[in-house]
Amino acid sequence: MTTPPLPRWITDTKPGHSEWYVDRFRTMAADGADLVGEARLIDAMVGRGSRILDAGCGPGRVGGYLHGVGHEVVGVDVDPILIDAAIADHPGPDWRVQDLSTLDLGTAFDAIVCAGNVLAFVAPDTEALVLSRLKAHLTDDGFIAVGFHTDKLSIAAFDDAVAAAGLTLDLRLSTWDVRPWRDDADFAVSIVRLA
Ligand SMILES: C[S@@+](CC[C@H](N)C(=O)[O-])C[C@H]1O[C@@H](n2cnc3c(N)ncnc32)[C@H](O)[C@@H]1O
């Protein structure tokens, strides 16, 4: 099997970035910041006890919350430092070091969440490949929720990747707290489903 290209999370960041990211979220959590807005939206969109994949889970804030409210959560990230933090800070979900571009868990999920610019941090030109691997892990009625800043990944590039992966856009918002989409929005939350 060929080695997948390295994600921008690794090639475009400085040494120590992962540790900085973990510390940043631990500090915000200690300060009482609301770090689970994305997870609350996902929870509102699924039935009780759903199977949820936190794709590009980082240190686990989204999957940790979803596990805490009763869902069965698998979290996957390519960065072992972040997965170690997820295991330490949010015990319960099944946290795994894996590359989304080669994901093959052999199971399907009711919802897949890509919070925090994950699609903007995958390796260049692998957005459609990553979405197609996520698609392979969806139940027939499942959805993928993807959030990113539009200056990090353009809407046009994302929509091309969605189409190339055989997915279809179901809903687009400009925030995780359900503000409507505007063409000049600097953030997009896209809900995609099987085409
Ligand atoms: C900005 S962080 C967001 C982390 C987390 N979702 C959150 O919102 O806190 C982007 C994440 O995408 C992950 N990532 C990027 N490309 C990936 C890939 N190909 N496979 C798995 N994870 C990837 C990075 O390792 C990083 O944890």
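Colleague: What share of the contacts in the protein chain with a separation of 6 or more comes from residues 24 or more positions apart?

Modeller: The model is a predicted one. Two residues are in contact if their C-beta atoms, placed from the backbone, lie within 7 Å. Among contacts in the protein chain with a separation of 6 or more, the share from residues 24 or more positions apart is 69%.

Colleague: Why is the protein chain described as being as compact as a globular protein of its length?

Modeller: The protein chain contains eight helices and seven strands. For 195 residues the globule rule gives 16 Å, and the chain comes close to this value, so it is as compact as a globular protein of that length, with a radius of gyration of 15 Å.

Colleague: With which residues is Cys114 in contact, leaving aside its neighbours within four places in sequence?

Modeller: With neighbours within four places in sequence left aside, its contacts are Ala55, Gly56, Leu119, Ile144, Ala145, Val146 and Gly147.

Colleague: Which of the residues around the ligand come nearest?

Modeller: By class, the shell around the ligand has 11 nonpolar, five polar and four charged residues. Helix 4 (61-68) and helix 6 (118-121) each supply at least two residues of this shell. Of the 20 residues around the ligand, the nearest are Pro7, Gly56, Gly58, Val78 and Gly116.

Technical notes. Residues are numbered from 1 along each chain as its sequence is written. This is a predicted model: local features need pLDDT of at least 70, side-chain atom pairs count only at pLDDT 80 or more; totals for chains, interfaces and linings use all residues. A residue is near a molecule or strand if its C-beta atom, placed from the backbone, lies within 6 Å of it. Helices (H or I, at least four residues) and strands (E, at least two) are DSSP runs, numbered from the N terminus. Ala, Val, Leu, Ile, Met, Phe, Trp, Tyr, Cys and Pro count as nonpolar, Asp, Glu, Lys and Arg as charged, and the others, Gly among them, as polar. The radius of gyration is taken over C-alpha atoms; the globule rule is 2.2 Å times the number of residues to the power 0.38.
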